[in-house]
Amino acid sequence: MSRLLRRTDARPVADRELTAVSADGSQLHVEVHGPEGAPIVVLAHGWTCSTHFWAAQIRDLAADHRVVVYDQRGHGRTPTAAVGTDLLADDLEAVLGAALAPGEKAVLAGHSMGGMTLMAASGRAAFTEHAAAVLLCSTGSARLVEDSLVLPLRAGRTRTRLTRMILGARAPLGPVTPLSKRILKYGTMGPGSAPERVAECARIVHACPRAARVAWAHVLAELDLDAGVRELRVPTVVVSGTADRLTPMVHARRLAAALPECVELVELAGMGHMTPVEAPEVVTAKIRELAGTYVNANANGDGSATVNAKATVKQNAKEEEAA
């Protein structure tokens, strides 16, 4: 079998590509995979990543879901622009408006900064209109630098200051090398991560423009989205790796305790920060489970009759009983 056929990280080809225009005029690259009329999933990637980060989820889910993915500003095929959590929320609203019909419901899943995007947008009209359920994956709402375990030092001012300097460093990442892969694995992945998955993450992260990486590092260092967590009033699953150094388990547990409708906290033993790549089967299964429970494909295909799957099951049972 050729190397090409053995690779599992090839970029999925979109059925449609869109451009969503955000409130400040920024143009975001959006891809739509899978059949029209199927249950909808919207995936928001994290810091230094791109739509390619969700390749495993797209390949699996697009067989029977409509999967919407987009490049955050400054990442992938979306140009660099101003940064800030309010802008992340603006961008998500623009993507939902471009890719979903009025009233269409979807599962919204965010990894790392993508999860922070969902928290930032939780009080927005488009979020309320379109979000049926949420998956927060390897993310946190505040104290990211203070709680980071990237440096093996005692918690305190020194560790916080040094961590801030490392994460916001302006030095170029350069080409992917054996050394850079070891550094990336230490900082972002579990100790047992397969070499091919480390290499996949390295290719994605190293492709992120330096200006965007540095600008967003400063935003994340000052993050405070606790109010957005309290506004996230839809069924939510929280997923985190027990070996995550960037957003350790303390963040997942805080989220689970603060969310109005947390339905599950999933702790992935030995996994690091890049859980959709490190444990793709588990993350995909959770997204699929949320879609199966809270989103139903619209039979008319126009978004006007999207309903909760549980309600549909109940209604069908009542009709059968009456018959």
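Two residues are in contact when heavy atoms of theirs lie within 4.5 Å. Among contacts between residues at least 6 apart in sequence, 76% join residues at least 24 apart. This is a predicted model, in which local features need pLDDT of at least 70 and side-chain atom pairs count only at pLDDT 80 or more, while totals for chains, interfaces and linings use all residues. Residues are numbered from 1 along each chain as its sequence is written, and side-chain values use heavy atoms, with hydrogens and water left out.

**The whole chain**

Colour the model by pLDDT, the predictor's confidence in each residue, from 0 to 100. The protein averages a pLDDT of 90, and 89% of the residues score at least 70. Select residues 1–7: the pLDDT there is below 50, and the stretch has two contacts beyond near neighbours in sequence. Residues 297–323 also stay under 50, and for them the model has 32 contacts beyond four places in sequence. Where pLDDT is low, the predicted coordinates should not be read in detail.

Next, switch to a cartoon view. Helices (H or I, at least four residues) and strands (E, at least two) are DSSP runs, numbered from the N terminus. The protein has 15 helices and eight strands. Of its 323 residues, 53% count as buried; buried means under 20% relative accessible area, exposed over 50%, and partly exposed in between, with a 1.4 Å probe and protein chains only.

Select residues 40–44, strand E3. Five of the five residues are buried, so the strand is largely enclosed by the rest of the structure. Ile40, Val42 and Ala44 point one way, whereas Val41 and Leu43 point the other way.

Two strands pair if DSSP finds at least two bridges between them; E3 and E4 run parallel and are joined by five bridges. Ala44 stands opposite Tyr70 of E4. From E3 the chain passes through helix H2 (residues 55–61) to E4, a β-α-β crossover that is right-handed: with the strands pointing away from the viewer, the path from the first strand over the helix to the second runs clockwise.

Strand E5 (residues 106–111) also pairs with E3 in the parallel sense, over five bridges. Here Leu43 has Ala109 as its bridge partner.

**Helix H8**

Select residues 178–188 and look down the axis of H8. Which residues of this helix are buried? They are Ser180, Leu184, Gly187 and Thr188. The face turned away from the buried side carries the exposed residues Pro178 and Arg182. Helix H9 (195–206) and helix H13 (275–278) are among the elements that cover the buried residues.

**Two single residues**

Select Thr160 in helix H7 (residues 157–167). Thr160 is buried, with a relative accessible area of 14%, and touches Val145 and Glu146, not counting residues up to four places away in sequence.

Finish at Met271, in the loop between strand E8 (262–268) and H13. Met271 counts as partly exposed, at 23% relative accessibility. The C-alpha atoms of Met271 and Gly190 are separated by 4.5 Å, although the two are 81 residues apart along the chain. Beyond its neighbours within four places in sequence, Met271 has contacts that include Gly190, Gly241, Asp244 and Glu278.
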